[in-house]
Amino acid sequence: MSELRWNPLMGEWVATATHRQDRTFLPPENFCPLCPTEPGGFPTEIPAETYDIVAFENKFPSLKKDPDEPAVEGTELYPVQPSKGICEVIVYSPRHTNTLAGESVEQIYKLILVWTDRFRELGERDFIKYVFIFENKGEAVGVTLHHPHGQIYAYPFVPPRLEKELEQSRKHKEKTGSCLLCDIVAEEKSDGRRIVAENDSFVAYIPFFARYPYETHIASRRHLQAFTDFTDKEQRELAEILKQVLVAFDGLFNVSFPYMMIVHQRPTDGASYDYYHFHIEFYPPMRTATKLKFLAGSESGAGMFINDTLPEVKAAELRELVKPVDWKSD
Amino acid sequence: MNESNEKNLSDSMTRRRVILPDGRYLIFYDFAESAAEARQDAAKKEPHPQPEAAEEKNV
């Protein structure tokens, strides 16, 4: 059963999805649902002996295009809506034990083409207002399947964090006449201490206001709002800088680095968001080789993050680990 | 399983949508270079020797 329940304290929706409680949880490799289906073998989600990249509707979706009727009746204080939307799984490659960091730049470029196509197709659905592309990686962030994959949640509304970013961007534009993220990138470039990597089209940096020790943002140099605005050169250079950042992450403690990767783009509700600026945010929970940053009282209860480290110091660590890209090697 | 081949979305990418038995859709994204490599790998695994496939130009 699932529905959207309104939280009047925060002015936002919460989704219940009881069918997710028993979803597949860390299966052994020979029962991985995202691997190819071998002849005579365990039937996975993917009916093919091999594939390049696959996208499919999540078997345990938080939102559905034909949702169930809500399990409860709403009231005036507590409105309830069917949890209408679309949830997809994007499987990055058939290689079970690999990660996005381990894939070639070419494979990451292919993934960007797939993300672009998914953003376009899902965004054209009239009930979808925001196409949210993300990846949860590592048990430390709650991953239940190890096979390298990401997800897309196509929401029927603009979700709260994006609403806030959009509002901040709009107010900055009104006040100063310029784009907020363009100004952030310019300030980061001018300072230099928090830059991690850059190329002709993108800049990767730990922001001045980083909440996690290794929180990293990748912003386009050109003022654009979504994947569908990219040139071919920008698609390729995003693949390159993603590879560089991901490999640098893994090099920090010589472990496969857990993170949440979040793509922030314009909504798809048909309105104009020319004041907004495409970027990707990484939230890695590791703060040392053996310690995690938890969202405890101040973060979860008050919304104020405490960062135990200095972004300038952490960026220098990452910068040392950035290597030149090679398109064909893993 | 229902299939439909859709037109190229870029120079090297094609997508093939299938409907799974439970009604969910699944989309295979294929890239010309990967498809050529897969065909060459499949030809090498054939039990009886086959004439080698013509080398495909990288897109």
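**A close look**

Guide: Gladly! Let's begin with A:Glu57, whose side chain makes a polar contact with the side chain of A:Lys65 at 2.6 Å (a pair of N or O atoms within 3.5 Å; within protein, one must be able to donate a hydrogen and the other to accept it, and residues adjacent in sequence count only if both atoms are side-chain atoms). Please keep in mind that this is a predicted model, where local features need pLDDT of at least 70 and side-chain atom pairs count only at pLDDT 80 or more, while totals for chains, interfaces and linings use all residues. Residues are numbered from 1 along each chain as its sequence is written, chains are lettered from A and ligands numbered from 1 in the order in which they are written, and side-chain values use heavy atoms, with hydrogens and water left out.

A:Glu57 counts as buried because its relative accessibility is 10% (buried means under 20% relative accessible area, exposed over 50%, partly exposed in between, with a 1.4 Å probe and protein chains only). Leaving aside residues up to four places away in sequence, A:Glu57 touches A:Lys65, A:Cys87 and A:Glu88, along with B:Gly23, B:Arg24 and B:Tyr25 (contact means heavy atoms within 4.5 Å).

A:Glu57 lies in strand S3 of chain A (strands are DSSP runs of E, at least two residues, and helices runs of H or I, at least four, numbered from the N terminus).

Now for the whole interface: 25 residues of chain A and 18 of chain B take part in the contact. The two chains bury about 1,800 Å² between them, 54% of it from carbon and sulfur atoms (buried area is the accessible area, 1.4 Å probe, that two parts lose on being put together, summed over both). On the chain B side, B:Arg24, B:Tyr25 and B:Tyr29 lose the most area to chain A, together 38% of what that side buries.

Polar contacts join 11 residue pairs between the chains, both residues at pLDDT 80 or more. S3(B) gives the largest share of the side of chain B that touches chain A, 7 residues.

There are also 4 salt bridges across the interface (a side-chain nitrogen of Lys or Arg within 4 Å of a carboxyl oxygen of Asp or Glu). One of them joins B:Arg15 and A:Asp117, with 2.5 Å from N to O.
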